[in-house]
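The sequence and the structure are shown first.

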Amino acid sequence: MNRSFVLFACIFLLLPTVPVLAGESPQEARHESMENVGGAAKKIGKMMKGETEFDAAVANASLNVWAESAATFGNLFPEGSETGHDTEAKATIWTDRAGFDEQLALFAEKADAAVAANPQDLDALKAAAGPVFKVCKSCHESYRLDD
Amino acid sequence: MTRRLLLGIIVILLVPWVLTRPNTIDPGRLPAADPDLANGELLFHAGGCASCHGEDLAGGHEMHTPFGIFRVPNISPDPGAGIGAWSTLDLANAMLRGVSPSGEHYYPAFPYTSYARMEPADVLDLKAWLDTFEPRATVVGDHEVGFPWNIRRGIGLWKKRYLSDEPVIADAGLSDIALRGRYLVEAVGHCGECHTPRDRFGGPDDSEWLAGGPNPDGEGKVPNITPHEDGLAAWSEADIAYYLESGFTPDYDTAGGSMVEVQENFAQLPGSDLAAVAAYLKAVPAKSGSAR
């Protein structure tokens with residue numbers, strides 16, 4: 001098969017993914033990321049509150065969602081994405097980037113530690129998830145607009 | 001004829017004088033018992049005293065309102081700058097009647113329309129807790145309020161309309177636990193001060209009790225916390241209690257703005273009190289809050 005055809009085919013096949021990537025604004029992408037984080041928090045929270053039975057697989061999958069989001073979340077706040085798309089990001093993210101980065105680093109650190117802890121019972125889950133919840137709260141207080 | 005005219009003038013002057021007179025509480029309503037310090041501390045957190053007056057109670061925080069700038073006073077036990085020289089009766093008159101030790105009306109930026117529903121015995125306990133703080137000598141400046149609001153005597157008329165120790169939601173239909181919640185929400189926690197819309201005289205509109213309103217701090221809205229679908233309809237009592245304890249909504253969003261401090265204060269109350277607040281909030285009439 002002609003090499004240039006293969007190259008062409010590859011580009012042609014990949015082409016549709018480009019507009020999809022370009023079509024999602026950072027504002028929407030970070031909103032979606034936080035929705036995932038919130039969804040995972042809900043599953044973990046229900047177990048911690050005793051509303052659902054502890055399930056190690058669900059718990060650890062949810063902790064993984066946290067760690068995955070934490071790894072990339074900070075990339076979704078480029079200059080120029082301060083407003084628009086009903087973003088709830090506070091201007092302080094860009095005026096105090098160092099403080100925001102510190103919170104992001106904490107989020108990643110605590111989420112990774114929770115995954116590494118691999119909790120197998122409710123008490124272990126509480127111990128692993130608690131520090132992450134704390135970061136959610138403190139970061140929202142400084143860097144997210146009130147409703 | 002002259003005598004009747006004179007009498008008329010006296011009546012015209014006397015009526016507003018009487019109507020605006022500061023009312024103090026009957027000293028007999030204060031129990032002679034020893035104060036309960038633990039209860040005083042609980043009330044201190046539920047009332048969020050430190051959120052306005054500061055962690056050290058030295059005051060100084062400025063409240064910018066449509067009526068002017070109010071400066072939060074020093075309530076530390078300093079005898080000069082604070083309230084160290086006050087008796088328990090003085091504090092009871094301040095909190096339950098909005099009247100200073102010298103007999104002047106306070107502005108209702110101090111939420112005495114809510115505290116008016118408190119038990120005098122609780123003021124005794126709270127006073128004892130306030131007395132455990134370090135005295136602070138910080139002297140706080142005067143309020144900056146324009147005419148006619150700068151005539152304090154006029155607040156007496158306002159009080160005639162808005163100051164009452166009657167609960168907003170009647171006893172009927174409230175469980176014992178919801179009654180405790182009512183006390184924490186309506187009286188001590190003064191939740192209605194922000195969560196109930198105000199009418200054009202700046203008094204709470206009880207027909208829209210807890211249905212939310214504009215944010216007194218500026219931007220945005222204060223949420224509806226009645227069981228309406230625009231409010232807490234989707235929240236269980238456990239959700240409400242958990243929110244007050246942790247700061248997380250059922251969707252794992254977090255408290256924002258001034259509510260952060262309120263939530264952190266409430267987190268210091270026993271779980272039974274948080275459950276009581278939840279029971280009460282699910283028992284109040286659902287209101288849309290859109291009437292205003």
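## Fold of chain A

In this predicted model, chain A contains seven helices and zero strands. Read from the N terminus, its elements follow the order α-α-α-α-α-α-α.

Chain A comprises 147 residues, of which 27% count as buried. When contacts in chain A between residues at least 6 apart in sequence are considered, 75% of them join residues at least 24 apart.

## Helices 6 and 7 of chain A

Helix 6 (residues 97-117) of chain A packs with helix 7 (residues 122-143) of chain A at an angle of about 165°, and their axes are 9 Å apart. Because angles over 145 degrees count as roughly antiparallel, helix 6 of chain A is roughly antiparallel to helix 7 of chain A. The crossing of helix 6 and helix 7 of chain A is left-handed.

On the side of helix 6 of chain A, the contact is made by A:Gly99, A:Phe100, A:Gln103, A:Leu106, A:Phe107, A:Lys110, A:Ala111, A:Ala114 and A:Ala117. Helix 7 of chain A contributes A:Ala124, A:Ala128, A:Ala129, A:Pro131, A:Val132, A:Val135, A:Ser138, A:Cys139, A:Ser142 and A:Tyr143. By class, the residues of this contact between helix 6 and helix 7 of chain A divide into 14 nonpolar, four polar and one charged.

## Buried helices of chain B

In chain B, nine of the eleven residues of helix 6 (residues 120-130) are buried, so this helix is largely enclosed by the rest of the structure. The buried residues are B:Pro120, B:Asp122, B:Val123, B:Leu124, B:Asp125, B:Leu126, B:Lys127, B:Trp129 and B:Leu130. They pack against helix 2 (37-46) and helix 4 (88-97) of chain B.

Helix 4 of chain B is itself mostly covered, with seven of its ten residues buried: B:Leu91, B:Ala92, B:Asn93, B:Ala94, B:Met95, B:Leu96 and B:Arg97. The packing partners of these buried residues are helix 5 (112-115) and helix 6 of chain B. Just after helix 4 of chain B, B:Gly98 adopts a positive phi of about 65°.

## Contact between the chains

Twelve residues from chain B and eleven residues from chain A take part in the contact. The side of chain B that touches chain A consists, by class, of five nonpolar, five polar and two charged residues.

Definitions and conventions: Residues are numbered from 1 along each chain as its sequence is written. Chains are lettered from A and ligands numbered from 1 in the order in which they are written. This is a predicted model: local features need pLDDT of at least 70, side-chain atom pairs count only at pLDDT 80 or more; totals for chains, interfaces and linings use all residues. A residue is buried if 20 or more other C-beta atoms lie within 10 Å of its own, exposed if 12 or fewer, and partly exposed in between; C-beta atoms are placed from the backbone. Helices (H or I, at least four residues) and strands (E, at least two) are DSSP runs, numbered from the N terminus. Two residues are in contact if their C-beta atoms, placed from the backbone, lie within 7 Å. Ala, Val, Leu, Ile, Met, Phe, Trp, Tyr, Cys and Pro count as nonpolar, Asp, Glu, Lys and Arg as charged, and the others, Gly among them, as polar. Axes are lines fitted to C-alpha atoms, for helices over the stretch in contact, and angles run from 0 to 180 degrees between N-to-C directions. Angles under 35 degrees count as roughly parallel, over 145 as roughly antiparallel, 65 to 115 as roughly perpendicular and the rest as oblique. A crossing is left-handed if the near helix is turned anticlockwise from the far one by less than a right angle, and right-handed if clockwise.
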